[in-house]
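This report goes through a structure for a reader who has not seen it before. The sequence and the model come next, followed by short sections.

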Amino acid sequence: MTGFSFSLSATDGKARTGAITTLRGTIRTPAFMPVGTAATVKAMLPESVAATGADILLGNTYHLMLRPGAERVDRLGGLHEFMNWSKPILTDSGGFQVMSLAGLRKLTEEGVAFKSHIDGSRHMLTPERSMEIQRLLGSDIVMCFDECPALPAEEKAVAESMRLSMRWAQRSRDAFGDRPGHALFGIQQGGVTRDLRAESAEALQEIGFDGYAVGGLAVGEGQEIMFDVLDFAPDMLPVDKPRYLMGVGKPDDIVGAVKRGIDMMDCVLPSRSGRTGQVFTRRGVVNIKNARHADDPRPLDEGCSCPACRGYSRAYLHHVFRAQEMISGMLLTWHNLQYYQDLMAGMREAIAAGTFCDWENQFHADRALGDI
Ligand SMILES: N#Cc1ccc(CCNc2nc3cc4nc(N)[nH]c(=O)c4cc3[nH]2)cc1
Ligand SMILES: [Zn+2]
């Protein structure tokens, strides 16, 4: 018993529903992972994150290695103990965050040298060090250390970057070793180019992983190009392993990705938007800051069971947002995360019932009604 397994229970077109079993619990797929970057899903207690229906959350190697430090988290019992979350945790491997956050970066075959965006201290991330950090954190699903090129980019540069990531994938696999009950996911790169995506998928399968991510997307290419790539890239990955699309996304991105065979996603959007007053509802996005909500006694979304929708009016949420009260971020984050989990639950149900097409049509029809 390896402690990590994936089973599909139904498919509807390319959409799939099933479950990932880990030592720390089962993840219903398709799954959305809230982002807990610095050992907290911002403005949420762990029990509140669980109450939204989340089965797994995401942590970040980059942030945790800088603060409080991976060895310190290990000394304190690991990330689950440290942040009081006993369900599964997936950790990203750090390469993407280094390129988007760190100062003074130097990329070589060995890895990436960089300066901390927090205090300017110097650090080096390599496949080996990333695997060690994710082991010290106690991550249930570990991501390979990779390089994610910013788009648009010359095909030659994308090819060279992908081939570096594949060499790093092999080093990640070798360094990960044998950790029963823990999984290592490979990350497909190759930009928007079919041949490069295929070369990457073949290289990863040659090495062998417990799951496969579609990386290198949600980097500014836009939804249309992302969907064009998702029309072929996931199909190149093993059908019996989880497929994880990194960094996605808006609700309609998520629906389109599930439709194209994606099983797992993560994004900071629902939590970050909760803090900036952007609220996701079945009818589209509500900007609670807008004066038109000042006297509106209705809840955000009649169909939502979250504390914000059960206990408060739009008028109240408008007031506490404008007054910059802490309860605003708490309630809007909870609502957004609940909305995302309800979206995933709705798709899991529809795929199991063979009605995904109708469900998707209703999803788009509700958003077309407007006047929210
Ligand atoms: N609010 C907000 C908001 C901020 C950023 C984003 C885009 C996130 N996109 C994204 N994250 C990624 C992480 C990734 N991690 C790794 N290791 N590799 C990737 O290729 C990769 C690609 C990604 N693409 C989306 C929404
Ligand atoms: Zn709600």
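## Cysteines

C309 is buried in this predicted model, since its relative accessible area is 9%. C144 is buried as well, at 2% relative accessibility. Buried here means under 20% relative accessible area, exposed means over 50%, and partly exposed lies in between (1.4 Å probe, protein chains only).

The count of disulfides, each a pair of cysteine sulfur atoms within 2.5 Å, is zero. C144 is in no disulfide, and the nearest cysteine sulfur, that of C148, is 14 Å away.

## Residues around ligand 1

Around ligand 1 there are 17 residues, of which D92, D146, G216, L217 and A218 come nearest; a residue is near a molecule if one of its heavy atoms lies within 4 Å of it. The shell divides into nine nonpolar, five polar and three charged residues. Ala, Val, Leu, Ile, Met, Phe, Trp, Tyr, Cys and Pro count as nonpolar, Asp, Glu, Lys and Arg as charged, and the others, Gly among them, as polar.

## Contacts of ligand 1

Polar contacts are pairs of N or O atoms within 3.5 Å. A side-chain N or O atom of D92 is 2.7 Å from a nitrogen atom of ligand 1, and one of D146 is 2.8 Å from a nitrogen atom of ligand 1. An oxygen atom of ligand 1 lies 2.8 Å from a backbone N or O atom of G216. Taken alone, ligand 1 exposes 560 Å², and the protein buries 80% of that (Shrake-Rupley method, 1.4 Å probe).

## Basis of the values

Residues are numbered from 1 along each chain as its sequence is written, and chains are lettered from A and ligands numbered from 1 in the order in which they are written. In this predicted model local features need pLDDT of at least 70, side-chain atom pairs count only at pLDDT 80 or more, and totals for chains, interfaces and linings use all residues, while side-chain values use heavy atoms, with hydrogens and water left out.

Terms used: Polar contact = N/O pair within 3.5 Å; in protein donor to acceptor, adjacent residues only side chain to side chain.
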